[in-house]
Amino acid sequence: MTQTENIESRRGAAWLATAGVRPTRQRIALATLLVGDGHDRHVTAESLFDAARDAGEKVSLATVYNTLRAFCQAGLMQEVTVDGSRSYFDTNMDEHPHFFWEDKGELTDAPSHELKIERLPSPPEGMEIASVDVVIRLRPKARH
């Protein structure tokens, strides 16, 4: 293991420790891919599975899904649903909007300082607003 790989693996393990997540070999491997370089990620289960396979990790797609859900439940990540069939997982836990690039199928952060929500509807009786997710869909302009 190179020094960089060792640092990234330690960073992944430390990320798990912040939420009290048991550091199994597979969880550390996936955490390292997600946060090992210190940058936030937007991944699908499939893209993380491919990255793990490319890194030589033996992990099933079902394990990747279960691990991502466990990371979300532990408060390490948030799930961003773009449509009923597509979920992305974001390591940036700050409240922020997203751009969804329809032509690429990618999710990226949108600039928070440019978003202004002046008023939300009142929640139904007995309910409170837990969060507001903003996904701005983008596509190339039509040429006229």
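**Before starting**

The model is predicted, so local features are described only where pLDDT is at least 70, side-chain atom pairs count only at pLDDT 80 or more, and totals for chains, interfaces and linings use all residues. Residues are numbered from 1 along each chain as its sequence is written, and side-chain values use heavy atoms, with hydrogens and water left out.

**Stop 1: the whole chain**

The chain contains four helices and six strands; helices (H or I, at least four residues) and strands (E, at least two) are DSSP runs, numbered from the N terminus. Along the sequence, these elements follow the pattern α-α-β-α-α-β-β-β-β-β. The C-alpha trace spans about 50 × 50 × 30 Å along its principal axes.

Of the 144 residues, 27% count as buried. Buried means under 20% relative accessible area, exposed means over 50%, and partly exposed lies in between (1.4 Å probe, protein chains only). A contact means heavy atoms within 4.5 Å. Among the contacts with a separation of 6 or more, 42% are between residues 24 or more positions apart.

**Stop 2**

Next, select Trp15, Leu34, Val64, Leu68, Phe71 and Met77. In the largest nonpolar core, which has 19 residues, these six touch the most other members. A nonpolar core is a set of buried Ala, Val, Leu, Ile, Met, Phe, Trp, Tyr and Cys residues joined through side-chain atoms within 4.5 Å. The elements that give two or more residues to this core are helix H1 (3–18), helix H2 (25–35), helix H3 (45–54) and helix H4 (61–73).

Which residues does Val64 touch, not counting residues up to four places away in sequence? They are Leu30, Ala45, Leu48, Phe49 and Val59.

**Stop 3**

Now select residues 42–43, 78–83 and 86–90. Two strands pair if DSSP finds at least two bridges between them. The three strands form an open sheet in the order S1-S3-S2, with antiparallel pairing. Strand S1 (42–43) and S2 are at the edges, and each has a single partner strand, so one side of each is left without a neighbour in the sheet.

Strand S2 (residues 78–83) and strand S3 (residues 86–90) run antiparallel and are joined by five bridges. These two strands form a hairpin with two residues between them. To follow the pairing, select Asp83, whose bridge partner in S3 is Arg86, and then Thr81, which stands opposite Ser87 in S3. S1 and S3 pair in the antiparallel sense over two bridges; here His42 has Asp90 in S3 as its bridge partner. In a regular strand the side chains alternate between the two faces of the sheet.

**Stop 4: the hairpin of S4 and S5**

Move to strand S4 (residues 98–101) and strand S5 (residues 106–109), which are antiparallel and joined by four bridges. His98 has Asp109 in S5 as its bridge partner. The hairpin has four residues between the strands, and Gly105 takes a positive phi near 70 degrees.

Select Glu106, which lies in strand S5. Is Glu106 buried or partly exposed? Glu106 counts as partly exposed, because its relative accessibility is 40%. Not counting residues up to four places away in sequence, Glu106 touches Tyr88, Phe99, Phe100 and Trp101.

**Stop 5: the second largest pocket**

Finally, select Gln78, Glu95, His96, Val132 and Asp133. Of the 15 residues that line the second largest pocket, these are the closest to its centre. On a 1 Å grid over the protein atoms alone, a pocket is an open set of points where a 1.4 Å probe fits, with protein on both sides within 12 Å along at least five of seven lines; lining residues have an atom within 4 Å of a point. About 220 Å³ of space lies in this second largest pocket. Strand S2 gives the most to its lining, with three residues.

Val132 is found in the loop between S5 and strand S6 (135–138). Val132 counts as partly exposed, because its relative accessibility is 32%. Not counting residues up to four places away in sequence, Val132 touches Glu95, Ile117 and Leu120.

How values were computed
Points joined across faces, edges and corners; volume = space filled by probe spheres on them.
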